[in-house]
Amino acid sequence: MRYGVAYYPEHKTPEDLEHDLELLINSGINTVRMGEFAWCRMEPQEGVYDFAWLEYAVNRLGQAGIKSILCTPTACPPSWLVYRHPEVLYVDNRGEKRPFGGRRFYCYNNAVYRDYSAKITEEIGKRFGKNPYVSGFQIDNEPAQEASGRCHCPACQEKFGKWLQKKYGTIEAYNRRSGNIFWGQDYESFDQIRIPVNTIEVSAVQALPVYFENPTLRMEFERFASESQIEYQKIQEEILHRCTDQPVTTNGTGLATNSIDYYESTKDLDCYGFDFYPGLRDACVDSFPYAFARGIKEGAPFWVMEFMSGGGHKFGGTGRVQPNPGALQQAVVQSLAHGAEMMLHFQFRTFPFGAEQLNYAIVDMDGVPRRRYYEMKDTAALLKKLEPLEKAGFDNQVAICVDYAVHWALRIKPVNDPDFKYLDYAGRLYRILEEQGYNADVIGYDADFSKYKVLVLPSAFVLEESKREKFRNFVAEGGTLLATFLTSVKNGDNVGYTDTLPAGLTDVFGVTVEEVEPIFAQNRNQIRLNLDGEEFLSADGMWCDLLGGTAKALGTYVTDYKKDSMIISENHYEKGTACYLGTDLEEEAMGALLRYLCQKSGIRKNAVKAGSRLEVVRRVLEGEEYYFVFNFTAEDTVVRTEAPMYDYLTGCVYEKEIPMKRNGFAVLRRTS
Ligand code: GAL
Ligand code: ZN
């Protein structure tokens, strides 16, 4: 595993630099990431380059066995560039130009900025592409972060009109497909179309409620913004790939921002990289982001380019609590268990200055190594022992299917706001499956479905015809599909289907949606589930798609006017089974439903028993089963196993119970 930290040699006096390099070298880590905000040092004046300081650090570290990931610095254009070319500045959804200062204040569509970005990337590629101590490149830093993924500048405005024209051909076609007749909004030409100004922009000010704009226009702007950023990234990607044989990627923000479709954006990158800042004090680290990351680029490993390092101060006034002793190491091993190939802490030594002054790091401002440094050092040593297991594969037979069009559509027209959040909901299903003993993959709609026995399809609000045929075929060929409320409501134009819902799939599910409403405290009702004779009661939640049709009812209402109406269905369609869950369920009932489907489909269950704060991850290596087990409870505890396990690190053999320390983990091989 590539393990290390982000580091900033450009901040340092020569003495500090030597001090830090020594510490880095003595820590046993093998990777350092540098350069992402240092354009003003790399090119202090236009066309005058200085990479000697960076090369010195790369070579010093490299000679001591530490490889560097170098970043292009385009998140922070230098002042000379911005003051000479103010047109490169980002314009937010209020029409405000972001001034120089802060970071990510550029427009990714601006031609001038694209040229300058290409030039600095070329220089970096030329200088470092073949450096034996450089083991990869990162493009920019967190594209779209800090609400920089939906520029509204004149260049974007003009390009968006042309983009729509290219997609729709004629303005008549655009008017018809987007339903512009509603509120009499037909256009005469594409250049009349303005970027929808209220488009969701994380943490930006929204002057008007967002839902007053045409949903098709807003969806198209999401697509346009995503494509534009990918186009910008591609300029750098192509240059770097020309200059180096090392992997090239960028650091996405995982589930945090949503203006880039990562399934698309990673097509030409060598892997998906992302940043992750979970709490590590008596906290259960959510592995859904890892499962999501693993599915972004099928077949390639993923990189965690930035990860938590400690507590203390943070951006804003809240501060951040310190990790428990052992929690950093536990988290690193957890990322490995889920398939991470890189794990870099952000960052090595606390900054005395700048917007992130005093913030958490591995080493405090005074440069004195303390417990977090020693924990990192131990972890580096431990990872060497675990190296053989990195080759282990995943053979999960259940997957959760997610999609950006759905993600965007549910932001554009929120449902049960703010309780229902699409990716959080997918994450909830993932965790419940895991607690039931089934590790799940998280995949896009374009992924290969053939290796799965069960697919869970949360709220496919937008489901294009071609995609829904893929799900139909999955069932026809013998798979089990569980779709949840709000499935196949709208087409790819973000316009409602006029067929009965779930549109185009009523035969597959054997149901029709008869009535819909959100579920709030005031209209909550009880449901009875009958799963092969076993009964469960649950309240409904989030939403209700009341079902009619010929399918077998796995769940019906027991209260209110809905009494006896079907809310969970099961239907045999050709060789497979399709179930529709018209609402959300409480934890226990949801667990029972998922377990029922996995059992019926013959999915093998993990031999080590998971719990709500006990994670179990199954891997397979050379035909043998390995289990990574993590104790996120606040106490030492015991985990049960159904098969004897050999402890890979201690050599102990456990027959029925595995002792686990607080913030502890075990790596086990099944022995029978
Ligand atoms: C990330 C960013 C880093 C740093 C970190 C918080 O989002 O990429 O540069 O700002 O957050 O400390
Ligand atoms: Zn722009």
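Residues are numbered from 1 along each chain as its sequence is written. Because the model is predicted, local features need pLDDT of at least 70 and side-chain atom pairs count only at pLDDT 80 or more, while totals for chains, interfaces and linings use all residues.

**Helix 17**

Begin by selecting residues 587-600, which form helix 17; helices are DSSP runs of H or I of at least four residues, numbered from the N terminus. The expected span of a helix is 1.5 Å times one less than its number of residues. For the 14 residues here that gives 20 Å, and the end C-alpha atoms are 20 Å apart, so the two values agree.

Then move on to Gly-602, which follows helix 17 and has a positive phi, near 75°.

**Cysteines**

A disulfide is a pair of cysteine sulfur atoms within 2.5 Å; a search of the whole structure finds zero of them. Select Cys-40 and Cys-76: the closest cysteine sulfur to that of Cys-40 is in Cys-76, 8.5 Å away, which is too far for a bond. Cys-40 counts as partly exposed, because its relative accessibility is 45%. Cys-271 is likewise in no disulfide, and the nearest cysteine sulfur, in Cys-71, is 13 Å away. With 3% relative accessibility, Cys-271 counts as buried.

**Cavities**

On a 1 Å grid over the protein atoms alone, a cavity is a set of points where a 1.4 Å probe fits but cannot get out, and lining residues have an atom within 4 Å of a point. Grid points are joined across faces, edges and corners, and a volume is the space filled by probe spheres set on the points. The whole structure holds seven cavities of 30 Å³ or more.

The largest cavity has a volume of about 100 Å³. To find it, select Tyr-106, Pro-143, Gln-229, Tyr-232 and Ile-260, which lie nearest its centre among 14 lining residues. Helix 8 (residues 215-243) supplies the largest share of this lining, four residues.

For the second largest cavity, of about 70 Å³, select its lining residues, including Asp-395, Tyr-438, Ile-603 and Arg-618.

Terms used: Chains lettered and ligands numbered in written order. Heavy atoms only, no water. Helix = DSSP H or I, 4+ residues; strand = E, 2+ residues; numbered from the N terminus. Buried < 20%, exposed > 50% of the residue type's maximum accessible area, 1.4 Å probe, protein only. 1 Å grid on protein atoms, 1.4 Å probe; cavity = no way out; pocket = protein on both sides within 12 Å on 5 of 7 lines; lining within 4 Å.
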